[in-house]
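Dear colleague,

I am passing on to you the structure below, together with some notes on what was found in it. Please read the notes with the structure open beside them.

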Amino acid sequence: MKKIFLFLFLSISLFINCFSQKNELKFNIASAIGGFPELNYERLVDDNITFGTAVAASIENAEKMDSRFSIMPYSRLYFGKKKANGFFVEANMAIRNQRDLHYNNIYDSAFNIIGIAKYDKHSTNLGFGAAIGVKLLTKKAAFAELFAGAGRLFGSSPVKEAYFRGGVSIGMRF
């Protein structure tokens, strides 16, 4: 009986929570075109404050793109008249895996090429950054957003010390 009661309670809570218009799921079109598709989940905690997480992974091979994956929790403060809409500022954190893969020629004393050396370096680093942007919400809970920002990576020898945070996203509030 306790299990049935617990199951019903959790089901009703989940049902009410899902239709409270406090969740957003979005896809970053600009980063997908660039070969690094990003999927975001954002939760409204107040009329003008949200918390979210962005997850991105490279679909290109390592020779073409140095970033392999990224997990970015963030928080946004909105300045619009509607709930979580309009101009916003964002503080973010990044956990980013990078790979630097390139080849160098090996020369002898007469400057003749005698071989090729492969340089392959991996690093996973933590970073902090900020972004600004705008979210435009429709009456049917669909939205588009445009944002841009940057951050700095810290840790043991990151491949690149800075990261770009930005794009054009479309999504749905539910």
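Which residues make up the largest nonpolar core? This is a predicted model, in which local features need pLDDT of at least 70 and side-chain atom pairs count only at pLDDT 80 or more, while totals for chains, interfaces and linings use all residues. Residues are numbered from 1 along each chain as its sequence is written, and side-chain values use heavy atoms, with hydrogens and water left out.

The largest nonpolar core consists of six residues, namely A54, M72, Y74, A94, L153 and Y163. A second, separate core has five residues, among them Y78, A84, F88 and F147. A nonpolar core here is a set of buried Ala, Val, Leu, Ile, Met, Phe, Trp, Tyr and Cys residues joined through side-chain atoms within 4.5 Å, and buried means under 20% relative accessible area, with exposed over 50% and partly exposed in between (1.4 Å probe, protein chains only). Of the 174 residues in the chain, 35% are buried.

As for secondary structure, the chain has two helices and eight strands, in the order α-β-α-β-β-β-β-β-β-β from the N terminus on; helices (H or I, at least four residues) and strands (E, at least two) are DSSP runs, numbered from the N terminus.

Strand β2 (residues 38-44) deserves a look of its own. In a regular strand the side chains alternate between the two faces of the sheet. β2 runs antiparallel to β1 (residues 23-28), to which six bridges join it, and N23 stands opposite R43. β2 is also antiparallel to β3, with seven bridges between them, and here L44 stands opposite T50, while a hairpin of four residues joins β2 to β3. Two strands pair if DSSP finds at least two bridges between them.

The largest pocket has a volume of about 350 Å³, and of its 22 lining residues the closest to its centre are S31, F36, R96, F164 and G166. A pocket is, on a 1 Å grid over the protein atoms alone, an open set of points where a 1.4 Å probe fits, with protein on both sides within 12 Å along at least five of seven lines, and lining residues have an atom within 4 Å of a point; a volume is the space filled by probe spheres set on the points, which are joined across faces, edges and corners. The largest share of the lining, six residues, comes from β8.

With best wishes
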